[in-house]
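The following questions and answers concern the model displayed below. Please consult the sequence and the structure while reading.

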Amino acid sequence: MTTDTTTKGTTATGETVLDARGVTMRFGGLTAVRNVNLTVNSGEIVGLIGPNGAGKTTFFNCLTGLYIPTEGEVRYKDQVLPPKSFKVTAAGIARTFQNIRLFANMTVLENVLVGRHTRTKEGLWSALLRGPGFHKAEAASRERAMELLEFVGLDAKAEHLARNLPYGEQRKLEIARALASEPGLLLLDEPTAGMNPQETRATEELVFAIRDKGIAVLVIEHDMRFIFNLCDRVAVLVQGEKLVEGDSATVQGDERVVAAYLGEPFEDAPGKEEIAEVEAAEANADAPTDAAPGKENDR
Amino acid sequence: MTTQTTTSTAAAAKHDTTPRGAINIPENIGRALATGGGALAVISTFLAWTWTAAFPGNLTVYGYPGGLQVLVLIGGALTTLFGLASYGIKGLGWLTPAGSDSAIKLAALGTFVTAWYTILAISIQLGGLVNLEPGGYIVAVATLVALLGALALPFERPVPEIADPEDTPWEEFLLAGRNSRSLVKACFASGTATPARTIPAYAEILVIVAAMALGLTVFTYGIGTEYDELFVGFLITAGFGFAALAKAGLVGRVSAITGKHRNVTMIGAFVAAAAFPFTQTDDQYATIGVYILIFATVALGLNIVVGLAGLLDLGYVAFLGVGAYTAAMVSGSPSSPFDIHLPFWASAILGAVVAMIFGVIIGAPTLRLRGDYLAIVTLGFGEIFRISVLNMDGTSGPDITNGSNGISSIPNLNIFGFDFGQEHTIAGFTIARFANYFFLMLLITLVVVVVFRRSSDSRIGRAWIAIREDETAALAMGINGFRVKLIAFALGAALAGLAGTVQAHVTYTVTPEQYQFAHVVPPNSAFLLAAVVLGGMGTISGPLVGAALLYLIPAKLQFLGDYQLFAFGMALVILMRFRPEGLIPNRRRQLEFHEEAEAPTVLSKAGA
């Protein structure tokens, strides 16, 4: 950990929510993420940036239970993360996807209700017998889902099919769906990809509003202005290693970061072949874990 | 390039998209011809079409339509009705919310095809046109006039694709095909439905009752068709009639109403189904009825697995077999290895539970696979069941299932002293053995329908749909994919087992070859899946309708002989090409297959 306790704006840094210690992920002989430490405290927005192929998504997948780190461990509120993505969600880490993965043919409300899955208990018998408990739980779920839709501003479109929403609203819906699982930490994977400046601004507001609810946020993003406006702390990942971590000014001023992004030669700059290698290795690692969740183009 | 673009714009400019008919007759004359032709066709069905009763159905009587004449009568009446509606007659507008023109065209076409099919069948069967009486000529002319009149009705012409001068002749041919197809499509395209005037709730319930009564009538008529010509005519008229009603927007309007009153609809449908044995004098048709119900119930159970959770199960019939064998073994049958005779409620529960256990045993290792792999493994397990049962005959294995002879002489059920093997008289109607089982099976179907409805509209049902839509995202939402899929698999298995317990008693005997992957007689895994896909995945009424059709069509098309399965396969291929979402589509599914079609922004409950 670098000395980086300088946080800007509201200094509501509370307890440590996420604590990744020495996370290393190897695919065969290739190390995609090497000995990365990262903590996220409650009430904090942390950004994760890095050039393409730096291992951001691999690291992200280690946090969401899609991959199990080869070395090191990830703790969420002092509990080591379980190795299954649905258990991670149940533990309190929710995520969105880089390429939107809504349940396209379900309504907006139904999408959020699916997000409530881990916070409700009603099983098959309860659904078949339809006792008073079932109706109560269902009504409570709906109410909570509508609250969340109101929060992101989609309450008027609750009965629309998710696929019919405009792009920006689909992003919002994905966030609402993730929030439905009542997470303590929200992981956003490129939340503004493909957005125009207005939509990006709106997303910024939304992320601040989420932070104000007491939910810690970890964002991966390419939009630097967005990241530096938003984040209390930014970590830079280059070639699988954490290069620097600190507030926006520190990171922006760091010459190694500038070098990594602008491609100026420095001692350990990732060559093109290496990037390709990392990506190929990641793709390969996906293939054998067929039954495990992680495949992108699955039915 | 420049020359090319100029020519194509010139061609596009030349093309005129003002609405006009397919045939050059003025619109008002065409409309009059269609309506009048329909009316004349109705009148002609009261005349004799042929001189001899040798043609089945006796079309020789004046003043009393028989056989195929009834179908033409219905088609003609429908054409006239839509014709009158297009003149804006008060009260008929409710029937055609999406415009009546394309409905007239389809109704006229259906009437024409049925009538000319009849005329040709008479001529060919009796040897020549001389066998036609004047009524036959009149109906031929009347339906032709109605069709020509209907085709003269104007429609919005699509802009044809422009040929590329560098096209090969083959490409030009394809282009011409595409253009004429879009023209035909536009010809029968219907307008957007106008929103319905709100009618009081009692009137909506009356509409539902009328729809159910119509459904029962059509179904009863179809089951009762006594000769091949009539059944073919029935298929033609019913198909075109339904298409015409759908084009008029009436089907959409009624399904909106049924979606609003789902409980009333369900009760209405079951009352209509329960009325079926009372409409029959012969237990023969109740037999068909009970087999259809068994088939449909199992298909509905499969729809939970395939339609909701998206798990392609090709060995589903094995669970029906497990239920049937379980019930047979505890029925007190002399060929059962166990000398137990449980009451029906106990054997039904036992059958369902045993099937569920088998479901879990088979599901636990296989559900970790996805997609095609799951299909192959379930196919294998289905065959393992059949072959194991075949070999547990005392020589190749332990003597449990009596091998290929199966368990025979399964006694009839007796619930509270009501002997299912005996004839009973209820309110003056004789209810024989198969009708008794029909009622019992209907009860089981009701159970399965309720289970389907309740489970699909709940936390677990949403999890199934989420898994089907995107498994990775569903897992990231905290859904334990394996557990949820296993529940779907086990529930489906239990429902099939439940249906199997009744099936064992209905058929007297259970043998391994009843539970193959593919076989000529339904239910088998291939037919079950076909029923689900044909009817519409993820809906309740879809598999019921699909199963009824899949049972009736092979049973009624016996005259095709060896080509029966071939024709059947062709029909399935054609259907899947043009309506991949099934006959009664789930709104969600329909969107998946018709991306280009404008999607309704709001998902109504009607299609679900």
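Q: How far apart do the C-alpha centres of domain 1 and domain 2 of chain B lie?
A: This is a predicted model, in which local features need pLDDT of at least 70, side-chain atom pairs count only at pLDDT 80 or more, and totals for chains, interfaces and linings use all residues. Residues are numbered from 1 along each chain as its sequence is written, while chains are lettered from A and ligands numbered from 1 in the order in which they are written. Domain 1 of chain B covers 20–156 + 226–241 and domain 2 covers 281–578, with bounds from an automatic or database domain assignment. Between the C-alpha centres of these two domains of chain B the distance is 41 Å.

Q: Which helix of chain B gives the most to the side that touches chain A?
A: The contact takes 34 residues from chain B and 37 residues from chain A. Helix 15 (433–456), helix 16 (459–469), helix 17 (471–476), helix 18 (481–507) and helix 22 (587–593) of chain B each supply at least two residues; helices (H or I, at least four residues) and strands (E, at least two) are DSSP runs, numbered from the N terminus. With 7 residues, the most is given by helix 16 of chain B.

Q: How many nonpolar residues are on the side of chain B that touches chain A?
A: Ala, Val, Leu, Ile, Met, Phe, Trp, Tyr, Cys and Pro count as nonpolar, Asp, Glu, Lys and Arg as charged, and the others, Gly among them, as polar. By these classes, that side of chain B has 10 charged residues, 7 polar ones and a nonpolar count of 17.

Q: Which strands stand at the edges of the sheet of 6 strands in chain A?
A: The open sheet runs in the order 6-7-8-3-9-10, with mixed pairing; strands pair if DSSP finds at least two bridges between them. Each edge strand has a single partner strand, so one side of each is left without a neighbour in the sheet. These edge strands of chain A are strand 6 (93–95) and strand 10.

Q: Which residue of strand 10 of chain A stands opposite Val234(A)?
A: Strand 9 (residues 233–238) of chain A is joined in parallel to strand 3 (residues 45–49) by 4 bridges, with Gly47(A) opposite Val234(A). Antiparallel to strand 9 of chain A runs strand 10 (residues 241–246), joined to it by 5 bridges. There, the residue opposite Val234(A) is Gly246(A).

Q: How many of the residues of strand 9 of chain A are buried?
A: A residue is buried if 20 or more other C-beta atoms lie within 10 Å of its own, exposed if 12 or fewer, and partly exposed in between, with C-beta atoms placed from the backbone. In a regular strand the side chains alternate between the two faces of the sheet. Arg233(A), Ala235(A) and Leu237(A) on one side, and Val234(A), Val236(A) and Val238(A) on the other, are all buried. The count for strand 9 of chain A is therefore 6 of 6.

Q: Which residue takes a positive phi near 55° in the hairpin of strand 9 and strand 10 of chain A?
A: This hairpin has 2 residues between the strands. The residue with the positive phi is Gln239(A).

Q: Which residue of strand 4 of chain A is the bridge partner of Arg21(A)?
A: Another open sheet in chain A has 4 strands in the order 2-1-4-5, with antiparallel pairing, and its edge strands are strand 2 (30–41) and strand 5 (79–80). Strand 1 (residues 16–27) of chain A is joined to strand 4 (residues 71–76) by 5 bridges. In strand 4 of chain A, the partner of Arg21(A) is Glu73(A).

Q: Why is helix 1 of chain A largely enclosed by the rest of the structure, and how many of its residues are buried?
A: Helix 1 of chain A spans residues 56–63. The buried residues include Phe59(A), Phe60(A) and Leu63(A), as well as Lys56(A). Helix 1 of chain A is largely enclosed because the buried count is 8 of 8.

Key: Two residues are in contact if their C-beta atoms, placed from the backbone, lie within 7 Å.
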